[in-house]
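The following exercises are to be worked with the sequence and the three-dimensional model at hand. Each task is followed by a stepwise solution.

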Amino acid sequence: MSTVLAPIPALRSGIRESLGDAELADFDALADELIGIDRLGIAYSGGVDSALLLAVAAEVLGRDHVVALLGVSPSLAASERRIARDVAARIGVELVEFDPGEAELAGYRANGLDRCFFCKSALFTAIDERIVAEHDLDAVAYGENIDDSARPDRPGSRAAREHRVLAPLAAAGLTKPRIRALARALDLPVADKPAAPCLASRIPHGEEVTPEKLRQVEDAESVVRAQGFSDCRVRHHGTVARIEVPETELDRLLDPAVRRSLIRGVREAGFLHVAFDLAGLQSGLFSLTLLKGAAHD
């Protein structure tokens with residue numbers, strides 16, 4: 001059951017005055033990117049980037065002028081959906097959930113290095129064709145920050161440009177640490193939430209993305225988190241599940257009871273073999289490995 005969170009107090013009621021100089025400057029820089037928009041739709045995931053954008057937009061434009069747009073498909077874990085709902089409710093804006101239909105695209109299922117392009121293209125196409133008119137939106141934005149825009153493994157940003165989706169966080173020059181700092185100052189509950197890329201990122205490029213594989217990954221990661229790990233990835237290698245947890249938490253795998261529970265639960269998720277990666281959690285592992293290899297060819 002989702003936790004009921006209290007609404008975030010309006011910045012106009014005094015929170016703005018409590019911001020430190022750095023956070024206030026970032027708030028104003030982000031607000032400047034939103035001035036002139038009447039009704040804004042935000043491609044929203046419940047992560048800190050899109051949640052901060054949603055919260056600031058709600059204060060700048062008014063809560064009735066901002067709509068959170070949550071794409072719901074097999075690649076979104078149920079736990080992430082619950083968090084997104086709770087945070088949108090706390091911010092106090094309308095949440096629209098819809099199926100972007102990326103699984104219908106052959107390019108997405110093929111799982112090449114450009115998988116994120118097809119995923120984001122499906123998302124923004126669905127928003128353009130089904131939601132913009134229905135909710136009388138003047139513009140659509142998403143939570144890309146300035147760090148993301150410089151990474152080589154973000155083909156989804158090309159889809160955003162093709163659909164003329166705004167990236168206010170990047171335009172305001174906000175880095176991830178500054179986004180987290182402002183989110184903490186605004187009392188957003190996801191200020192320190194670890195990054196949660198879609199479940200398809202656990203499947204090696206070139207291997208087909210299927211609903212069954214996504215379900216296996218989601219179930220297995222639920223098992224890992226139930227053992228108290230703060231974050232994890234379960235990489236899908238056919239019959240083998242390769243578990244990554246933060247390097248600082250690897251010693252918990254030495255506990256026989258923890259290890260037995262993980263092996264049993266991950267096998268119940270549909271894997272025959274369970275491996276623990278001693279390198280720890282590695283964000284963007286599959287994409288960055290291939291990109292680095294291509295750079296050396």
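**Exercise 1. Identify the buried residues of helix α10 (residues 176–185) and state how they are arranged and covered.**

Step 1. Ile179, Arg180, Leu182 and Ala183 are the buried residues of α10. Buried means under 20% relative accessible area, exposed over 50%, and partly exposed in between (1.4 Å probe, protein chains only). Helices (H or I, at least four residues) and strands (E, at least two) are DSSP runs, numbered from the N terminus.

Step 2. Viewed down the axis of α10, these buried residues fall within an arc of 165 degrees, so they line one face of the helix. The arc is that of the directions from the helix axis to the C-beta atoms.

Step 3. The cover over the buried residues of α10 includes α2 (21–34), α3 (48–61) and α9 (168–171); contact means heavy atoms within 4.5 Å.

Step 4. After α10 comes Asp187, with a positive phi near 65 degrees.

The model is predicted: local features need pLDDT of at least 70, side-chain atom pairs count only at pLDDT 80 or more, and totals for chains, interfaces and linings use all residues. Residues are numbered from 1 along each chain as its sequence is written, and side-chain values use heavy atoms, with hydrogens and water left out.

**Exercise 2. Describe the largest nonpolar core and the elements that supply it.**

Step 1. This core has 40 residues, and those with the most contacts inside it are Leu40, Tyr44, Leu52, Leu54 and Ile91. A nonpolar core is a set of buried Ala, Val, Leu, Ile, Met, Phe, Trp, Tyr and Cys residues joined through side-chain atoms within 4.5 Å.

Step 2. At least two core residues come from each of α2, β1 (40–43), α3, β2 (66–71), α4 (78–91), β4 (139–142) and α10. The largest share, 10 residues, is that of α3.

**Exercise 3. Characterise strand β5 (residues 233–237) and its pairing with β6 (residues 240–244).**

Step 1. Of the 5 residues of β5, 4 are buried, so the strand is largely enclosed by the rest of the structure.

Step 2. β5 and β6 pair in the antiparallel sense over 5 bridges; two strands pair if DSSP finds at least two bridges between them. His236 has Ala241 in β6 as its bridge partner.

Step 3. The two strands form a hairpin with 2 residues between them, and Gly238 in the turn has a positive phi of about 70 degrees.
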